[in-house]
Amino acid sequence: MTIFRRSEFIIAAILVVAMIFIGLINPAFWSMDNMFGLLRSNVIIGIMALGVLVVMISGGIDVSFTAFAVAAMYLTVKGMLYFGYEGVLVPFIAATLIGLVLGAFNAFFIHTFRMIPLIVTLGTGSVVRGLLLGLVGTSIINIDKMPPQLINFAKVNLVNATSATGTNYGLTAMILIYLGLALVTHLFLRYTMIGRSIFAYGGAPEAAKRVGFDTRKTLLFVYCFAGALAGFAGLLQGSMIWQANPRDFAGFELDVIAAVVLGGASIFGGRGSVAGTLLGVFMLVMVKNSLIIMKVDTTWQRVVVGLIIVGATALTAWRDRKKLV
Amino acid sequence: MSENLLELKNISKRFGGLVALDNVSLVLKPGEIHCLAGENGCGKSTIIKTIAGVYTPSEGEILIDGKPVTGFTPAQSVQRGIQVIYQDFSLFGNLTVAENLALNTMLLEGKKSVSWKRIRELATKALARLGVTMELDADVESLPTSGKQIVAIARAMMGDARLIIMDEPTTALTRPEVDALFRIVRDIQAQGIAVLFVSHKMREMLEISERLTVLRNGKKVAEGPIGDFNEAAITRAMTGHDLTDQTYEWAPAKGDVQPRLDVKQLSIPGAFENIDLTLRAGEIVGLSGLIGSGRTEFALALFGMNPKYTGSVTIDGKAVHPKSVQDAINSGLAYVPEDRLTEGLFLTQSIERNMLATSFENFVSGIFIDRKKADAATKAMFAAMQIAAPSPQTPVNHLSGGNQQRVVLARWLLTGARVLILNGPTVGVDVGSKAQIHRKIRELATENGLAVLMISDDVPELVQNCNRVIVMHRGRFVDEIAADTLNEDALNDRLKALK
């Protein structure tokens, strides 16, 4: 396990250096206002990243989860409007379940037909997005129609403050949900047999079968977990930005995967940790945030995200290769 | 309690129309070391998988402790104390030694949660039972092959194993590691655990096992206490015929004939120095020496993979200095690497394409490949090499090791090679195919006039097939044994003297 500790230490060190560097260029970076904003931006990408982390440890990849997130969000909000439902808990459970069921489809195809996860999830993601737009609707549900209880739920802050210019800001309580899910994911990966089976499967699928793991269950769990987290994150995103857009999250899967890879998870499977992923998510959000502060065009932000994926993957691949020799 | 731990009674297994096992019976007693021998494809792995519960026999009975078992599954096999160590060990490289050792037990116990303290306890106990110490927190992929094997054995012994099946356990081990493994196997036996040792290496069988069962083409052809066998008897049982052990005779052609290959003062600092070598048509010259003697480096330099050498190379009187593999091929050299599977063949591609892989440029007209010409050449080669396959279109991964090796040889012949360098030509090939490959190499030398340089660690192979053997040590040719004094003892003595 020293390798994990070591790579997490390196990620943390890079993060600190980057933070000092960015702070020097732009002193506003260290303001409480900006920090709270940064943490807020961690929530959605972070929750999704936990799901992708688990998929990547199992040796797979998932690019369908953003589609599942959008579907879960849009269907749930539509349903709430249709039934005039007033609560918050049931919609979140519903969104989570929608994601979970869609994830089960991924697992089914990957396990039954031994298909490559990338192809399966490209396909299911596309189908889900298409069906959502074709059958459910294309119109954005804006703040005027958005269920107010969702907005109020996501508005809850842990700390409130007023800046020098007189605007109010705060640290969203949603960060607690994110950190809570991260803790659960960590405990689960480390202290349950099914968690260990994910590592085992990612390291050597055939051996996992021979040792006696129920690998169908492992895969089912992995993709359902990723789907469920995405569904939950989808509805949370809608609540936080006060609108439900059926075209949301386009291209966002790349950011999430970049964050997980940045956090030291191996593209070959078998390696990765929640702590690393938290750091990776923070790093990616911080870099994107800094680019915005520095008024870098959004097209160039895509370039940066792409470079991060290639760079971080090359690094982890190099690390894993070196170990094999 | 019956005195037989496991008994297979008249087991047959068919896959479609193919008979993998035909009426095979096998008895294993508690605490015995039993060897299961046979060439590749003789049904050894089918037997292992039947005992492990992976395959259900088409006919016959499995008895454990004298009682018949029905509907035998892998889980039941494990429950009854049967453990299989497959060739790839089935370990998890990304997990620690401790977790690899403990996973099985925890799975058997049906645990849902993981206690890391317990994992360490289980692992410590497992290693103590084998009497070895190991870093528990090391990732398994950082261990050498022998270390991985120890982990696999220690894991197999947990959970009250009564029979451990080892599938070709010595393939990737050096001799000292094999000795260490045998000590462990005897230790296991002392604890009352039976070991079924699956192998095709005769010396190891004779050394370790107490009883032997030989399979050929899915049938049991011999069995008995090891004292009843010797190498020749096992070979005969495995292959079904006696193999010639006639040595290779070569007489220099009359008159002053140009040598095929003439190497003078070849040096690469740090790898080898001042190598002089002359090979004549029809010669098969052995090159032996310890690992790290520089012999492979020498071969690779000749083959253009390290052109930074000094000295001269002459092929059929023409000075050459291959700067790339393509150069070397064009000058008439061919090199068959040690690991033909990873370095030499495109496994999913057809025999035909594999044969043509290095000689396509000989079959082009303009920018197109002359299919007719290429087809004719590969068909002729397919026949000449006597490759056992339905057609040249058969994918190479359907062939046995020996046939694959012949495809590699055919490929080099198609390039019009005159000097053939073989590096470990029969590593991992079973005894029957080995003899066929040797015959082919001899034919190439005598009939096609090739000069062959055979790099090998296999002393009997060198003695049998070479008209002289050169010993290399620390980058120099230190010794040469001519045909009249060449025998196994002489070569062994020279090799031992190197240390």
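**View 1. Where chain B meets chain A.** In this predicted model, 20 residues of chain B are in contact with 20 residues of chain A (contact: C-beta atoms, placed from the backbone, within 7 Å). On the side of chain B that touches chain A, helix H3 (residues 97–108) of chain B gives the most, with four residues. Helices here are DSSP runs of H or I with at least four residues, strands are runs of E with at least two, and both are numbered from the N terminus. That side of chain B divides into eight nonpolar, seven polar and five charged residues; Ala, Val, Leu, Ile, Met, Phe, Trp, Tyr, Cys and Pro count as nonpolar, Asp, Glu, Lys and Arg as charged, and the others, Gly among them, as polar.

View 2. Look for Thr162(A), which stands opposite Asn168(A) in E2(A). Five residues lie between the two strands of this hairpin, and Gly166(A) in the turn has a positive phi of about 95°.

View 3. Stepping back, chain A has 13 helices and two strands. Its C-alpha trace spans about 60 × 50 × 35 Å along the principal axes.

**Reading the labels.** Residues are numbered from 1 along each chain as its sequence is written, with chains lettered from A and ligands numbered from 1 in the order in which they are written. Local features need pLDDT of at least 70 and side-chain atom pairs count only at pLDDT 80 or more, while totals for chains, interfaces and linings use all residues.

Conventions. Contact = placed C-beta atoms within 7 Å. Pairing = 2+ DSSP bridges.
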